[in-house]
Amino acid sequence: MVASRDDAFVSFEHVQKSYDGETLVVKDLNLQLAKGEFLTMLGPSGSGKTTCLMMLAGFETATHGEIRLDGKPINQVPPHKRGIGMVFQNYALFPHMTVGENLSFPLEVRGMGKSEREEKIKRALDMVQMGAFANRRPAQMSGGQQQRIALARALVFDPKLVLMDEPLGALDKQLREHMQFEIKHLHESLGITVVYVTHDQGEALTMSDRVAVFNDGRIQQLAPPAELYERPDNSFVAGFIGENNKLPGVIEELNGDRAVVRLENGELIDATAVNVQAKGDKTLVSIRPERVEFKPELIPAGAHTIDAEVLEVIYMGDILRTRMRVAGHDEFVVKCRNTIDQMPLTPGQRIRIGWNPLDARALDMI
Amino acid sequence: MSDVASQLTTADGRPLKAALASAQARAKRRAFFLVLPLLLFILISFAVPIGQMLQRSVYNDQFSKSVPALSQWFAENPKGTAPDEAAFAALASDLVLMKETRAAGDAGTRINYVVSGTRSMFTKAARGADKLEPPFMEAMLELDEDWDNPLVWNAMRSAASPWTFDFYTIAFDLERDADGKLTKVDETQRIYFRLFIKTFLIAGVITAICLVLAFPIAHLLATLPMAKANLLMILVLLPFWTSLLVRTTSWIVLLQGQGVVNDILVALGIIGDDGRLQMIYNQTGTIIAMVHILLPFMVLPLYSVMRVIPVSYTRAARSLGATSWTTFRRIYLPQTIPGIGAGVLLVFILAVGYYITPALVGGADGQLFSNMVQFHMTKANWSMAAALATMLLVGVLVLYWLYDRLIGIDKLKLG
Amino acid sequence: MNKKTLLALTTAFGGLALPALAEDITIMSWGGSYAAAETESYYKPFTAETGIGVVSVDADNPATPVKAQVDAGNVTTDVALFLISDAMRLCDEGQLMPIDASLLPDGADGTPAEEDFLEGTLSECMVPNDIYATAVAYDASKFAEGAAPSSIADFFDTEKFPGKRGVLKSPKVVLEMALMADGVPADEVYDVLDTDEGVDRAFAKLDTIKGDAIYWEAGAQPPQLLADGEVVMTMSYNGRIFNAAVNEGKPFEVLWDGQVYEWEGYVIPEGAPNAEAAMEYIKYATSSEQSASFSERISYGTPRKSAAPLVGNVFGTDIPMAPNLPTYPENMTNALASSAEFWVDRETELGERFNAWLLAN
């Protein structure tokens, strides 16, 4: 899936962007996309992800570096000649045109004949199950319907690359999740390349082939969703993707990628060394709440265990969320499946907890 | 359904609709009292004067109130009857009355509007009216041979009733010949209708120039950051805050033959000293000064519309493959139409009614229709001024109606 | 409230009619330097002598608001300053009170008032206050010695005197001047203008300067046009040119040839609230002494024969005023008295024709 520099469909090479000549919004961006890939740019607002998208679309110019599309540099190509479909957060459906006219627009400017246009419009509308809405105006439709039309409009002229700028941001949760699947489905059935920008990690994980996590103008990690979740490269990614317990400490032993970390209260835990160099380094150990075990039989043999005091148990239906005090920290969370044989925990109870050393990652200190 | 609804009652058994109406009546009354001052203000300062103006344009009793006998003769004898001795006798008796009430000048003025040179016939005749003796026809003709002029008699017949369309006849550059048929006035006298058309044309030119100038300014204002936009906005609004006379005078200083612009052009060698451009005291001056004055009325509605057009529309269009020109023409421009409509309507209507600026910088050919309204007001010819003003009002209403038909008044956005 | 602030206030409020205090009379006049001269020569001494206060109101042309007041039956003006044409018109229409000239004071030399006023200037409803002329004026510094325009014909001769002309935007005066420039003697002008051929002839003469004309309406414009160098010659009210020459030291000259003179004076609107006091004022202001004093302050001629020798130097200077007045005998060699009678009859028609002529390009 990961494309090499030469046969990449889209590539950013050493791209930098500054608006004011004083600060860089995008710092030395390098990114390659393969044809047919669904790549999500994920990050907090101001992280540079939207700027990257706008540079790709041609609405912003790169201050330095080169952007290539299908092997050709496009820095100097105006937006309308790039042939990139785009979906906007506020849909950007032309309010003075009907749905049909909106879809017809990209075809008309390409000089397409009337019958061909009608055929394509019908196909695009059917694709998003909006075939009956051709004569409506955008203002007469719900947000979800408008988003489908916006999608259809971005696809109607068969672009090879489609950019989506937080397209589901304005929809309610249920509709958003439904649309995620539809977009994913369209991507798969049409074989298009998609660059998707969002600040919603759930969306990113659900839909993408790969996710680029942006922060501070840089890609922090570029990886498939599972790897991102399972193996965050640094504390930012670990904190940004999913829920995480973080325990600060110092490297006590370092043996290849196996490390033993001494926590602040002196207890020792096992971890996988990711972002630490030497014994004595300060580190932040990150453990997913669902990977923490407290049934002795589930803790791997020889692994360190530490003391925990149950503070609170929250019943959430499918899972039980338990807050514990661990090594002096009150916010340590453990999630366990709500099964019939689950060991009941009560506040005040003291237990030993542990984990597979692969699930605890010793990261940089932020 | 409606039956069920009408049977709904409140807890104490009152019909629901009645209960609702009485509950809302108080609020409605209060709201009405709040707008009452405005309502009265509009009624007194707008509706009543316009009503009076309309009435004055068709009602003029300057002549009719002083000619009871003549009115009777006109009533008894159909149109086209040559004035006989009885008619002259009636006229003579009315002239005596005019002498007593000193109304001859007033009455003569009314006839003079239609037939030039007749006012003094009335004042002269009235002066010696009590010494006139039968046969009156002879006696009157001796005073002035024009007394049997059919045009004068036609005019008197028409003016004997206070309700008249004479002023509209004049306003359309028409007159009645001896047979009472409408004909165009002599070429050298045609002015009102021609000027009416010309005024609308000039207002159109001014509006078009304003639109062309204001569109990029408004766009710039709408896209600049707020702080800079506000600063520029102040510059745009500056003409608003300057007195009309100061602005107009500064245009004179700038544009006149020995003015700043000509001096610069001469100094740069673009024109010779003997080829100084005449940019003021003519139509050009009127257009330049009025564009300047009216520009803010175009910028403001455009700006208010453009400010709320998200940049994503144009970006969407560009990404869909449209060139910047196509994007402007098909996406941006249509969305600014409410602002364009409002600006065009505002500027056009204001331009059509302007008279101070044309009077000061318009010279001979830069005069507009309102200058004629003002001309007749200074000559105390209220009916003529009212007729011309009514023409202007109707012209503007017709345009308004056209606008509603073509673009739709609900699409108007004034800011 | 003292009189001075009252004056200032009413001036500031322009046409706004303040209710006059008891014993005060309201006088509506032209404003500007004209009202200033009235204030000094008439209002102040009159109040000092009689105790009747004067509220001064300005108007562009008092005839318009006065007619409106009389029409509406709400007259607040006691005395108004009218052009003779307006006075005759409104007098005919019964909107002005007739004034018995025999009540006016005798001249300084004892001549009865009715004989003391220049012939034809007294009329049924108006007592003349001054005589002014619309004449051609030019900037003497723009012409070589002896090469300045010397006759009304020169105004219409753009070959001999190239350059723009300032022209009054009114058929009245302009048509008369055109005919005089075309060689019609002053005493035949109205006979000629009464015929269609005469009117055509006047417009034909105007056509010769149409391309060079800059039109003006307000009296303040011609001196400005001359000062800016916009025109080489202009029609102007003689007083305005005199003011620019004396007060501002401009090298402006009035060409005393082919000018049209008119007179203006005081009227009492029908229904004036203080008609008696108004009449007292008119008697006072039109006396020989006050009239001469007025002529020293503004270069408009006195209509009283007996007042002419009393006119001394321009107020506050040692320049004699008399040669600057339209009534000075040497200035009257080829002058035309405007005919109000002609214009009340023909104004509508010739006004329309003049407007149409202006617009036709």
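Two residues are in contact if their C-beta atoms, placed from the backbone, lie within 7 Å. This is a predicted model: local features need pLDDT of at least 70, side-chain atom pairs count only at pLDDT 80 or more, and totals for chains, interfaces and linings use all residues. Residues are numbered from 1 along each chain as its sequence is written, while chains are lettered from A and ligands numbered from 1 in the order in which they are written.

**Exercise 1.** Describe the side of chain A that touches chain B.

Step 1. Count the contacts: 19 residues of chain A meet 15 residues of chain B.
Step 2. Find the elements (DSSP runs numbered from the N terminus; helices are H or I, at least four residues, and strands E, at least two). Strand E6 (84–87) and helix H2 (99–108) of chain A each give at least two residues.
Step 3. Pick the largest share: E6(A), with 3 residues.
Step 4. Sort by class. Ala, Val, Leu, Ile, Met, Phe, Trp, Tyr, Cys and Pro are nonpolar; Asp, Glu, Lys and Arg are charged; the others, Gly among them, are polar. This side has 13 nonpolar, 4 polar and 2 charged residues.

**Exercise 2.** Do likewise for the side of chain C that touches chain B.

Step 1. Here 29 residues of chain C contact 30 residues of chain B.
Step 2. Helices H3 (63–72), H4 (84–92) and H14 (340–359) and strand E6 (213–216) of chain C each supply at least two residues.
Step 3. H14(C) gives the largest share, 13 residues.
Step 4. The classes are 8 nonpolar, 7 polar and 14 charged.

**Exercise 3.** Where in chain B is confidence lowest, and where highest?

Step 1. Take pLDDT, the predictor's confidence in each residue, from 0 to 100. Its mean for chain B is 88, and 97% of the residues reach 70 or more.
Step 2. Helix H1 (residues 2–7) of chain B is lowest, at a mean of 52. Helix H10 (residues 192–223) of chain B is highest, at 94.
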